[in-house]
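Reader: I am new to this structure and would like to be guided through it. Could we take it one part at a time?

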Number of protein chains: 2
Amino acid sequence: MRATVMYGAGDVRVEDVPDPVLREPTDAVVRVLRSCICGSDLWPYWSMPPSERGRPMGHEFLGVVEDTGADVPGLRAGDVVVAPFVWSDGTCDFCREGLQTSCRHGGQWGGDTGGGQGEAVRVPQAPGTLVKLPGGVDEALLPSLLTLSDVLCTGHHAAVKAGVSPRTSVTVIGDGAVGLCAVLAARRLGAEQIVLMGHHKDRTDLGREFGATDVIAERGDEGAEKVRELTGGDGTHTVLECVGTGEAIAMSLGAVRDGGVVSRVGAAQYTEVPMDFGTFLRNITLTGGVAPARAYIEDLLPDVLEGRIQPGRVFDDAIGLEDVPDGYRAMAERAALKVLIRP
Amino acid sequence: MRATVMYGAGDVRVEDVPDPVLREPTDAVVRVLRSCICGSDLWPYWSMPPSERGRPMGHEFLGVVEDTGADVPGLRAGDVVVAPFVWSDGTCDFCREGLQTSCRHGGQWGGDTGGGQGEAVRVPQAPGTLVKLPGGVDEALLPSLLTLSDVLCTGHHAAVKAGVSPRTSVTVIGDGAVGLCAVLAARRLGAEQIVLMGHHKDRTDLGREFGATDVIAERGDEGAEKVRELTGGDGTHTVLECVGTGEAIAMSLGAVRDGGVVSRVGAAQYTEVPMDFGTFLRNITLTGGVAPARAYIEDLLPDVLEGRIQPGRVFDDAIGLEDVPDGYRAMAERAALKVLIRP
């Protein structure tokens, strides 16, 4: 089959690889219907040392079950399934607590499972990992359903961990796909004031359609000051940090109200957070982390299926599998926000 | 009257100062029955630059109302009251939310209110600040009631913000008065496994009486490793950080289970917390801060009055007002854990 393999920074190739096969009784093989390129795929795209073996890419996908092991009850060939961006057994204590990203028998796509940016994937722990969609899904819904793999659940995780409710004001930092999904999630949870911080007008315009009530283009101290100005000097009850840089975290601490919560889902590219004596006196909470997408898919699915939310609008480009290297380039050059792949 | 004034590092004097008088209609004057020296009083004791004017000391006290302004309904001369370690109006949005430490019209003892380590104090915002005790309180209860000013409420704040419950394992970092009160608070909230980290045997022995099930004397990485050993490699669901050093915070992050909460009430003497990519992948929450003691006093009061908890046992020395300089010395030299003052 054809699949995307990264061999080093800037070196993404689509090439022939062996078809995935079942190895464990709990495996399934899934033929990919839709996948996409993630902002986090750009990190190795910018920095990966050259590798002879290469790394299969892609951790967001939905597809059709092609084959199942002996111990995969409830799934059979032909089922349409969504895969969250890590796999998990669904039975360990962490999974039962809804923290599937810490599953005791889980792991990440790539390596010997293959990745979503290919024609098919071997899915370990298929009963715990995959979520079956109802039959006869409208093809037009596939982009929105695909966001259940990662970005919608990640934005939702930020909002849930922050405790967003109709009583909380919200700042969302970042107008990337996760930030926009965080706006959607905050609105869905009832937030009435949602301040979106971002400086790409086409994206912040979509953010307004998703529920943002205010947009702030300024960054750093100036950006935080603008949030405080909008909130009588206080800052917002919650800040959903969807970027992951040290600057974004510092700005979050400046934009949050005393007693408030900074919830981070932008993958931390910093090693320290300035949770200093000032934040101590203000009782600021820092929470969040990598999203256990699997915990949220069933909750969010009805709103997606019934069209009440349309997170698939974060995709602003769609390509075939052979064009994936161009898709990486477009995202790296910020010519595209998030690129959908139809293998 | 006589009162304690600090003039610089190591320079604590008890001297004659003017008697406090009402200034605002919401003021009360309270004659101090019991006060104490706080671990945080040692910071200026170690580092305060010389000052000609000096700083009135003491932020924990209980006493008898001597005089009230025109706008202090519900309190009158003779009432016995507890004062939390900051004053607050009780009516602003932060106070109504239970975050009296961020009160819009609040402040700290010292300066022109005077401090608890004196014969009397002017209490601003008396209706919001003071909590009236039932008449005829047994004198033997006064030390435990005094801990409602600060250390018991601070330990309780750590436990509450961490979400301690019968379902959570707990690590308490620090065997000072706050750490011991955190053990008491965690036990009171139903925690069954409470690991106390401290290396002063007399204090950890009291910690065991307060509810600690395990004691770990090791510190740093070794200490965190011991906590993980006690918990099947995982760490505890919650860590109550009652020290405030960078080392203690780092150890907290090493001792907490994936998805868990580090709740800090040790006043932050660091400027950065290593909430890095590893803690992001583990979904660790950092919460806590300076305790809004006022929010908790009514909740905790019945258990103290009825003797179900005896937080006053953290006092291991009691002195008169004239001996306060010796009390500071004893605490600074760690000859005493926490010194009670009877003016």
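This is a predicted model: local features need pLDDT of at least 70, side-chain atom pairs count only at pLDDT 80 or more; totals for chains, interfaces and linings use all residues.

Reader: How many bridges hold S1 and S4 of chain B as a pair?

Author: Strand S1 (residues 2-8) of chain B pairs with S4(B) over two bridges, in the antiparallel sense. Within that pairing, Val5(B) has Pro56(B) in S4(B) as its bridge partner.

Reader: And S17 and S18 of chain A: parallel or antiparallel?

Author: Parallel: four bridges join strand S17 (residues 317-320) of chain A to strand S18 (residues 339-342) of chain A. Asp317(A), for instance, has Val339(A) in S18(A) as its bridge partner. Between S17(A) and S18(A) the chain passes through helix H12 (residues 324-332) of chain A, which makes a right-handed β-α-β crossover.

Reader: Let us stay with S18, but in chain B. Is Leu340(B) buried or exposed?

Author: Leu340(B), which belongs to strand S18 (residues 339-342) of chain B, counts as buried because it has 21 C-beta neighbours inside 10 Å. The cut-off for a buried residue is 20 or more.

Reader: Which residues does Leu340(B) touch?

Author: Not counting residues up to four places away in sequence, Leu340(B) touches Arg34(B), Cys36(B), Pro143(B), Phe315(B), Asp317(B) and Ala318(B).

Reader: Where is Val314 found in chain A?

Author: Val314(A) sits in the loop between helix H11 (297-305) and S17 of chain A. Val314(A) counts as buried, because there are 27 C-beta neighbours inside 10 Å. Leaving aside neighbours within four places in sequence, its contacts are Thr147(A), Val151(A), Ala177(A), Leu180(A), Cys181(A), Leu337(A) and Lys338(A). From Val314(A) to Leu152(A) it is 162 residues in sequence and 9.8 Å in space, C-alpha to C-alpha.

Reader: A change of topic: what does the domain assignment of chain A give?

Author: The assignment gives domain 1 (2-150 + 293-342) and domain 2 (155-288). Their C-alpha centres lie 27 Å apart. Where these domains touch, 12 residues come from domain 1 of chain A and 11 residues from domain 2 of chain A. On the domain 1 side, the residues are six nonpolar, three polar and three charged.

Reader: What about the two chains? What rotation superposes chain A on chain B?

Author: A rotation of 180 degrees, with 0.0 Å of shift along its axis, superposes them with an RMSD of 0.0 Å. That is the relation of a two-fold axis.

Reader: How many residues does each chain bring to the contact?

Author: Chain A brings 27 residues and chain B brings 27 residues. Strand S15 (256-264), helix H10 (277-281) and strand S16 (285-288) of chain A each supply at least two residues of the side that touches chain B. That side of chain A has 13 nonpolar, eight polar and six charged residues.

Reader: Why do the copies meet through the same surface?

Author: Because 100% of the interface residues of chain A are also interface residues in chain B.

Conventions
Residues are numbered from 1 along each chain as its sequence is written. Chains are lettered from A and ligands numbered from 1 in the order in which they are written. Two strands pair if DSSP finds at least two bridges between them. A crossover is right-handed if, with the strands pointing away from the viewer, the path from the first strand over the helix to the second runs clockwise. Domain bounds come from an automatic or database domain assignment. Two residues are in contact if their C-beta atoms, placed from the backbone, lie within 7 Å. Ala, Val, Leu, Ile, Met, Phe, Trp, Tyr, Cys and Pro count as nonpolar, Asp, Glu, Lys and Arg as charged, and the others, Gly among them, as polar. Copies are superposed by least squares on the C-alpha atoms of residues with pLDDT of at least 70 in both. A residue is buried if 20 or more other C-beta atoms lie within 10 Å of its own, exposed if 12 or fewer, and partly exposed in between; C-beta atoms are placed from the backbone.
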